[in-house]
Amino acid sequence: MRRLTVPLALALASCAPSTANGPGAQSPSESVALGAAASDFTLKDIDGRSVRLSDYAGQVVLLDFWATWCVPCEAEIPHLEELYEQNKSRGFVVLGISMDGPETIANVVGFARRLNLNFPMLLDEETRVTGIYNPKRTAPLSILIDRAGRIVRVRQGYSAGDENLVAADVQSALAVK
Amino acid sequence: MIRSRTLGALALAAAALAFPSSARALDFRIKGEALRLDLTESMYLAAHLDDGSSDVTTLNYGELLNRLYAQLAWRHFLFSVRFDSGAWFHTPDANSSLPSNPLCQTMPPDPSCVVRVDPTTGQITDGRLVHQQADPSAPNGTAYVPYRFLPPGTVVWRGRQLDRKGNVVSSGAALGVSAFYLEKIALTYSDRNIEATLGDFYVNLGRGLVLSIRKIDELGVDTTLSGAKVVIHRGNFGAVALAGWSNMQNIDQAQAQWIEDSNDLLSALHVDYRFFDRILIGAHGVFGWPFHDTACPVAGDSSCNKPHDYYLRPGVMLDAPRLFSWLGLYAEYAREQDRVGTAPQKGNAFYGALTAYAGRTTWLLETKWYDNYQPWHASNDPFGNLVYTVPPTLERVITQINNNTDILAGRLRLDVRATDLLNVYASVEVGRSHPAGPTSQDSLVDAYFGAEVRWDEGRSHFFPFLGYRAEHDDIADALEEHLVAVEWDGAQYLGRGLSVETSGLIWFREKPVSSAVGWREGNVYVSLKWSPRLVASLGYEFTTLVDATNSIHNFFNGALTWNITPATSLGVFAGGNRPGLKCISGVCRVFPAFQGARLELTLRL
């Protein structure tokens, strides 16, 4: 599209963060530190209602980017449903964001009901919100947002056992009032 | 030799690696207001060895591709950019291919250098620098293949385009490749009622019948519109207005080629209103003005006074996902009112979906009627996969569709939650199409069945799948295509974060236009995973299709992925991937084989 010099890109990359972060911590026992503010967005859910991220201000929110054609998503999502049911009374919500396009979006409802999913399922046909939070269109990709609206964890992919780490992150975020 | 600007991109990636490994974005404060910087870096380094192709330009070269996404968010504003870079080294010399067209080997090439011609249709598809190579499947045994490697900064004159009679119809234009450039840029304002974007954006209206410009990574497609877009939500009223020029992803990874932006001008308007809090009715119209005109293909030719091509696609839609508590409905109609090559091109498209909920079952009835509804291709579309409309196909997203422009079909799908640990689904589609106009007729049947079985509290699973597809030429009473698909994905949790997984697909195929005899193709993978850090896998890919352009039919590979953090990973791959036609949502392209090694880094801050 256009040419730009390297120095501009290097300058972008060299900006220093305001929060001090040590090496990546995987231990579930560590509390989750504060991160940066999550951008608000509006999407329609599978019932046609508009849903806004800011509608859940004050709650711990897990954004889960998935698609009906993504097999690891199929493996992961029942664990998220279980996590949602166990913690929704404590102010936790999962927002499933489907990246299905117009060719597979008709399958989303059947998929959600087949897996007995009760958390809000949003449709991002345009990949507009995906472009903000998941520019590589990785699936699955989860983003944990704390009660103050800050991103506290980004996690890509799924392997059996990852659900324990996600649950630990959620518990840590819920523990922060 | 890696150019200095690409070394800069490498340095950028290295600098980014030094950042904290926990991906939560970076937080700043301006006058007490949070400003978020989000960086996602993606680097791909590969060494291509002998992939068995008869095209010598695919052999023994290296490549380094890089993408850096950066976003700055402050209050209601979001500023995003994406930088791409590409460099190829130890590239084969065009002169090394034999037999070769000497007219295409000079720099710049002779103006009569032959253009790329589709061997099936005889249509000119690409005016780039090309060379000849022997291809028994092509007319006269000769195919014209574009030479792919253009050193950064080199200006190459495009060969003149020829019509089917060999007359020159285009005078040519300059090409060039940048090692490092700005691919996407956008500034967005968003609040509860309005969202406005200046720069690059994606768009999808309805179910893609009139306009769908999205990212399709599986085909290497990432087209946006560069211009302006406004989205309004106010109570029950919604509207979208946009205009812009198409902005393609310029570096095509699969073919190691630079693709010029089509710069087609598109504009659209959509309005909708939600009635009774459950029925959304909308109308939209899209107008397009292609940059490359088929009526007057020679740019700046003042002697050509034919009217310019245009695309006009109006449509209406109804969306009621909860028309009743047990029923959802979607319906959309679109009209094609194009003018292409001075001739009007008219068509109709209707898509409908009815979803019924009954206890543990969900029923989906879909139908499509496309009456000469032509896909709207970008005016520069070298691989036939850059389209602005993507009508629903009714089939699985990876099904190879032969015709989605003139077809009447319907399908019924059932999803069942049998128990908490067992789900099943099944789909049956029947249809009738006219692939070569009203005098032709094909019948098709497409059916599949799948299941999801889980145990170990959902940590272990087995997802089997069985599919069948048949297309029959009713006029000639002959087989068009026959496919039996066996696919699976399984995982067994071993405890302490360890699991072993297997996935694969095997397709048994018959397609007389591709091969006189049936063939098999597929992939089988086995992985050992250690949550959350490591994934090790072994794979086997194969095809028994006898193809003059590829001599290797069995591909073995191994890969190791290290998840440095939950959002940062480093992957190493060695071995091969089979070639073949890959389709996503009815849009297809041919991918070459790969044999060699590659390293992929994804870094998120």
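In chain A, seven strands form an open sheet of mixed pairing, in the order β2-β1-β5-β4-β3-β6-β7. β2 (50-52) and β7 (151-156) of chain A are its edge strands, each of which pairs on one side only. On average, and with direction ignored, neighbouring strands of this sheet are turned by 30 degrees against each other. The model examined here is predicted.

In general, strands of a sheet pair through backbone hydrogen bonds and may be parallel or antiparallel. β3(A) and β4(A) run parallel and are joined by seven bridges. A:D64, for example, has A:G96 in β4(A) as its bridge partner.

Helix α2(A) lies across β3 and β4 of chain A, and runs at about 155 degrees to β4(A). This helix comprises residues 71-87, 17 residues in total. From first C-alpha to last, α2(A) reaches 25 Å, close to the 24 Å expected at 1.5 Å a residue. The helix has a kink of about 30 degrees at A:I77, shortly before the proline A:P78. Both A:I77 and A:P78 are buried, and the buried residues of α2(A) also include A:C73, A:E74, A:A75, A:E76, A:L80 and A:Y84. The cover over the buried residues of α2(A) includes elements from two chains: β3 (60-66) and β4 (92-98) of chain A, and β29 (442-455), β30 (460-473) and β31 (478-495) of chain B.

Chain B contains 39 strands and one helix. Of its 605 residues, 39% are buried. Among contacts in chain B with a separation of 6 or more, 55% are between residues 24 or more positions apart.

Conventions. Residues are numbered from 1 along each chain as its sequence is written. Chains are lettered from A and ligands numbered from 1 in the order in which they are written. This is a predicted model: local features need pLDDT of at least 70, side-chain atom pairs count only at pLDDT 80 or more; totals for chains, interfaces and linings use all residues. Helices (H or I, at least four residues) and strands (E, at least two) are DSSP runs, numbered from the N terminus. The expected span of a helix is 1.5 Å times one less than its number of residues. The bend at a residue is the angle between axes fitted to the seven residues ending there and the seven starting there. A residue is buried if 20 or more other C-beta atoms lie within 10 Å of its own, exposed if 12 or fewer, and partly exposed in between; C-beta atoms are placed from the backbone. Two residues are in contact if their C-beta atoms, placed from the backbone, lie within 7 Å. Two strands pair if DSSP finds at least two bridges between them. Axes are lines fitted to C-alpha atoms, for helices over the stretch in contact, and angles run from 0 to 180 degrees between N-to-C directions.
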